[in-house]
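This report looks at how two of the chains meet, and then turns to a single residue and to a further chain. Please keep the structure in view while reading.

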Amino acid sequence: MSSEWPLWEVFIRGQHGLNHRHVGSLHAPDAEMAINNARDVYTRRNEGVSIWVVRSSDIVASAPSEKGPLFEPSNSKVYRHPTFFDIPDEVGHM
Amino acid sequence: MYAQMVKTDAARIKGLDEMDPQERVFQQRIDTGQKIEPKEWMPEAYRKTLIRQISQHAHSEIVGQLPEGNWITRAPTLERKAILLAKVQDEAGHGLYLYCAAETLGISRDQMYEQLHSGKAKYSSIFNYPTLSWADIGAIGWLVDGAAIMNQVPLQRCSYGPYARAMVRICKEESFHQRQGFDILAKMVRGTPAQKEMVQDALDRWWWPSLMMFGPSDDASVHSAQSMAWKIKQNSNDELRQKFVDQTVPQAEYLGLTVPDPDLKWNEEKGGYDFGEPDWSEFFEVIAGNGPCNAERLGARRKAWGDGTWFRDGLTAHAEKVAARRAKSVAAE
Amino acid sequence: MGSATVTDTTVDRAVLFEFLLRMGDSTLVLGHRLSEWCGHAPALEEDIALANTALDFIGQTQLWLSLASEVEGKGRSADDLAYLRDARDFRNLLLTERPNGDFGKTLMRQFLFDAWHHLCLGALLGSSDARVAAIAEKASKEVAYHIERSRDLVVRLGDGTAESHARMQEALDDLWPYTGEMFVNEASDVALVAAGVAPPASLKAEWDALVAETLSEATLKKPAEGHMHKGGKRGIHTEHLGYVLAELQFLQRAYPGAPW
């Protein structure tokens, strides 16, 4: 059987200047075609202005078992979230 | 549904106290609404069931391109042609998202294709019926997409992260599909008598197969109970079918159409319609490969895949050549 | 549309109408051909990509034929023009009605057309008719991507496996005699070119350069300049167009006047 086109992860930065966001995956023979395919598959409704593709096999992920140690410490840093701070109404919008 | 009668390998549902500690933690996470993500531990049966369900769903999208694709070149106006093409293209996209979701479970897309082409994997029974008139395109959007949405909306909350996220994207994109179907029919029933007749004929032919999409009653099915315990299925087949009938009958009345079911009547007490039983022997025939279009649908998919081998291989060969040339020029520096 | 009236006084309406049909009929017929692939392409990603191109062409057809309808001024809508004319009145390039063949032939046809289309729309950006220039502006953005993609695939498949190379060469040899028509000026063109509405036939040099460079990268052999078929611009088509129209126009013909 012929070899399958590798899998790519697709990241798109939308119209609003936010960071690139993972939108899904697709198959393509190389990076250049992965970009073209991503444009055709994932921006059919004007979703994006910039595309990144990464070979899925090149993604290094945190191990699921490390979920506790990696993420729980930041859970306790509630002060990083704006809702932690109680701003009196008379101060107005901040 | 797009995934019908998915087997789970379960003989009966285990209680938490019967599970080993790993499985118990897994089940408790599901019970508390947490998502399961790729590479996390999961029972083998959960993984296998999901592969069956997601790939069946994906195959349904891909095979589902064919009956509607049958009318793209005959769409009656430029606008209808563009809308239909965009819709069928969306289905290819949905198939792609779903295959990718299944790939996170350790199966490749080519393997899934192989299962489809060999007849080992199933796809929804509905796509084995022919589209004989333009009204059928309206009926598919209205009834078939309408039935699919019933199932897909709750699947956005299913326990497996990649599947749930694919469903979010699919539901968002599909929101126009049902409306375009209804719109086709609404225009036709206000047209000539011949057009209205065409619409009634389409409803007559698509009504029962649409009800069959939900699958036979699964209230007694251990597979269904297991899938619900895993939160990869949220409602029973009968629940969804009832909801579909309740939603669709008033729409048929609005269009001035007659639903082809002599037993259909409003039941004040239950606040829903009573309706007749689909011919399940027909359903099982279609599932077994004997529907009007099974051979053609599968044949078209096999042909597309087989005819495309040289194309896919050509692109792979080119990519390898370019990579080799680059490596050589880097080495020479 | 202030500037549009300038055109109306300098160019014969009938001649402009013919020109708009050529643009709109070519995108209509080629879009139709591409839409035949939907559900049957060799990879899902290609199925989706080709549908995007087909959708662009249907959209462009609506623009060209709407303007044609306006210029003609006889109350025939864009849909009437698409669905109720017979083959003899179609003005598309013969290349666009060639059957799809294998996926390689479809892509080669696409590349040969895109290379011309891209240059043609580029020239039309400066059309003295503001309405033509506006359509060209919208379409040229889409077509810039079409040519990038079809050129890329021709290169990859030409320089892929022995089989893909052979198929692309065969497709090229087969389609080549249908490319000359893009650069022939009919008598009716002269007035349009003179008025600055339509692009000059001199696009050929640029087209030749783009095609030669692509084919060389694709390791394909450019066919010798031989006999070129023509007739599309005068409504003399190949046998294939009749079947395209039989399908395309079926409902409008079978149910005259019915609303869809």
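## Interface of chains B and C

In this predicted model, the contact draws on 49 residues from chain B and 49 residues from chain C. The area buried between chain B and chain C comes to about 4,200 Å², with carbon and sulfur atoms giving 68% of it. Of the area that chain B buries against chain C, 21% is supplied by Leu78(B), Trp310(B) and Phe311(B), which is more than any other three residues supply.

Across this interface the rule finds 3 salt bridges and 19 residue pairs in polar contact, both residues being at pLDDT 80 or more. A salt bridge links Arg109(B) with Glu45(C), where the closest N and O atoms are 2.8 Å apart. Several helices give two or more residues to the side of chain B that touches chain C, among them H4 (78–103), H7 (161–189) and H13 (309–332) of chain B. The largest share of that side, 14 residues, comes from H4(B), and the residues of the side divide into 26 nonpolar, 12 polar and 11 charged.

## A buried histidine in chain C

His117(C) belongs to helix H6 of chain C, which spans residues 103–124. Because its relative accessible area is 1%, under the 20% cut-off, His117(C) counts as buried. Leaving aside neighbours within four places in sequence, His117(C) is in contact with Met23(C), Thr27(C), Phe57(C), Gln60(C) and Val143(C).

## Chain A

Chain A has 2 helices and 3 strands, which run β-β-α-β-α from the N terminus on. Of its 94 residues, 31% count as buried, while chain A exposes about 6,500 Å², 55% of it supplied by carbon and sulfur atoms.

Terms used. Residues numbered from 1 in each chain as written. Chains lettered and ligands numbered in written order. Predicted model: local features only at pLDDT ≥ 70, side-chain atom pairs only at ≥ 80, totals over all residues. Heavy atoms only, no water. Helix = DSSP H or I, 4+ residues; strand = E, 2+ residues; numbered from the N terminus. Buried < 20%, exposed > 50% of the residue type's maximum accessible area, 1.4 Å probe, protein only. Contact = heavy atoms within 4.5 Å. Areas by Shrake-Rupley, 256 points an atom, 1.4 Å probe, with all protein chains shown as cover. Buried area = accessible area lost by both parts, 1.4 Å probe. Salt bridge = Lys/Arg side-chain N within 4 Å of Asp/Glu carboxyl O. Polar contact = N/O pair within 3.5 Å; in protein donor to acceptor, adjacent residues only side chain to side chain. Nonpolar A, V, L, I, M, F, W, Y, C, P; charged D, E, K, R; others polar.
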